[in-house]
Amino acid sequence: LDPAGRVGAKLGVLDWLELLGNVGRYVRVPTLGELYGSAPLVRGNPALEPESGTTVDLGLRAFGGDPGTGLSGYLDAFAFRRWVRDLVTYRRSFRQLIPFNVGQARVQGIELASELRWREALRAQLAATLMDPRDTSPDRTLDNDILPLHSRLTLMHFVEGALHPTWSGLDRVALGVRVMHRSSRYQDPAGLITIPHQTTVDALLSVLALDESLALRATVENLFDREQWDMIGMALPGRVLFASAEVLLR
């Protein structure tokens with residue numbers, strides 16, 4: 001038995017301002033890929049222990065709008081801290097990545113999120129996370145205590161413009177641009193191998209038609225074909241196109 005749960009509270013300070021807090025405990029069982037491997041370069045470790053930890057976060061949320069101008073938005077600012085036992089991460093051995101448990105770790109930081117809307121025509125979002133991830137194991141033998149595979153800065157900016165035509169059966173046509181940035185990070189516990197920072201741009205198009213019974217969506221990820229890596233440092237494909245169509249029968 002390994003219980004997990006979360007308790008949160010919200011306090012209205014002003015009509016446009018709220019104070020929010022959460023305290024919780026989580027448990028993460030190793031995945032099948034972590035236990036038995038998922039690729040020739042990623043070897044499994046059947047001896048992994050479940051990861052568990054305690055989380056605390058406290059923040060402010062400001063929100064409001066002006067019906068006259070059609071502007072509305074919100075701003076969230078949170079500070080968080082996480083104490084972890086048996087954190088699952090990776091290290092390199094003979095050109096393979098092997099998951100292992102970090103005895104004790106502490107992750108703390110600040111997270112900001114905001115959105116601004118103008119009627120149904122324009123939407124802009126911005127999110128940023130500053131993080132300080134540290135290995136706090138009492139038996140740590142390395143000088144470096146920064147946890148591997150953790151970027152200390154991540155940024156996301158998204159802007160979308162939309163039209164609502166009244167002809168040809170179109171209900172909504174929206175075009176968006178998303179910019180993602182992730183700072184460099186260590187790939188190994190000793191801090192000898194660094195995964196470079198990466199910045200990518202995505203383009204998103206969506207069309208709703210026939211009284212929203214038909215939805216067409218297309219996304220071009222990594223529009224400028226930049227180098228990028230996944231969460232454990234493996235190379236990802238360059239420019240990729242995704243498309244989908246949905247039909248709602250009424």
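**A loop serine and its surroundings**

S137 lies in the loop between strands β6 and β7, where helices (H or I, at least four residues) and strands (E, at least two) are DSSP runs numbered from the N terminus. The model is a predicted one, in which local features need pLDDT of at least 70 and side-chain atom pairs count only at pLDDT 80 or more, whereas totals for chains, interfaces and linings use all residues. Residues are numbered from 1 along each chain as its sequence is written, and side-chain values use heavy atoms, with hydrogens and water left out.

With a relative accessible area of 10%, S137 is buried; here buried means under 20% relative accessible area, exposed means over 50%, and partly exposed is in between, with a 1.4 Å probe and protein chains only. The side chain of S137 reaches the backbone nitrogen of G103 at 3.3 Å, and a polar contact of 2.8 Å joins the side chain of S137 to that of D135. A polar contact is a pair of N or O atoms within 3.5 Å, of which, within protein, one must be able to donate a hydrogen and the other to accept it, and residues adjacent in sequence count only if both atoms are side-chain atoms. Beyond its neighbours within four places in sequence, S137 is in contact (heavy atoms within 4.5 Å) with V102, G103 and Q104.

In soluble globular proteins, nonpolar side chains tend to be buried together.

The C-alpha atoms of E111 and A79 are separated by 6.4 Å, although the two residues are 32 residues apart along the chain. Not counting residues up to four places away in sequence, E111 touches D76, A77, F78, F80, A128 and T129, and with T129 there is a polar contact of 3.0 Å between the side chains.

The structure holds 1 cavity of 30 Å³ or more, a cavity being a set of points, on a 1 Å grid over the protein atoms alone, where a 1.4 Å probe fits but cannot get out, while lining residues have an atom within 4 Å of a point. About 50 Å³ of space lies in the largest cavity, where grid points are joined across faces, edges and corners, and the volume is the space filled by probe spheres set on the points. Its lining consists of R117, R119, E120, A121, L122, R123, E160, G161, A162 and R172. The elements that give two or more residues to this lining are β6 (122-135) and β7 (153-163), with β7 giving the most, 3 residues. By class, the lining has 3 nonpolar, 1 polar and 6 charged residues, where Ala, Val, Leu, Ile, Met, Phe, Trp, Tyr, Cys and Pro count as nonpolar, Asp, Glu, Lys and Arg as charged, and the others, Gly among them, as polar.

In L210, a residue other than glycine, phi has a positive value near 55 degrees; L210 is placed in the loop between β11 (198-209) and β12 (214-221), and at 56% relative accessibility it counts as exposed. N222, also not a glycine, has a positive phi near 55 degrees and sits in the loop between β12 and β13 (240-247), but N222 is buried, with a relative accessible area of 1%.

Finally, the chain as a whole contains 1 helix and 13 strands, which follow the pattern β-β-α-β-β-β-β-β-β-β-β-β-β-β along the sequence. Its C-alpha trace spans about 65 × 50 × 35 Å along the principal axes, and 32% of the 250 residues count as buried. Among contacts between residues at least 6 apart in sequence, 55% join residues at least 24 apart.

How values were computed. 1 Å grid on protein atoms, 1.4 Å probe; cavity = no way out; pocket = protein on both sides within 12 Å on 5 of 7 lines; lining within 4 Å.
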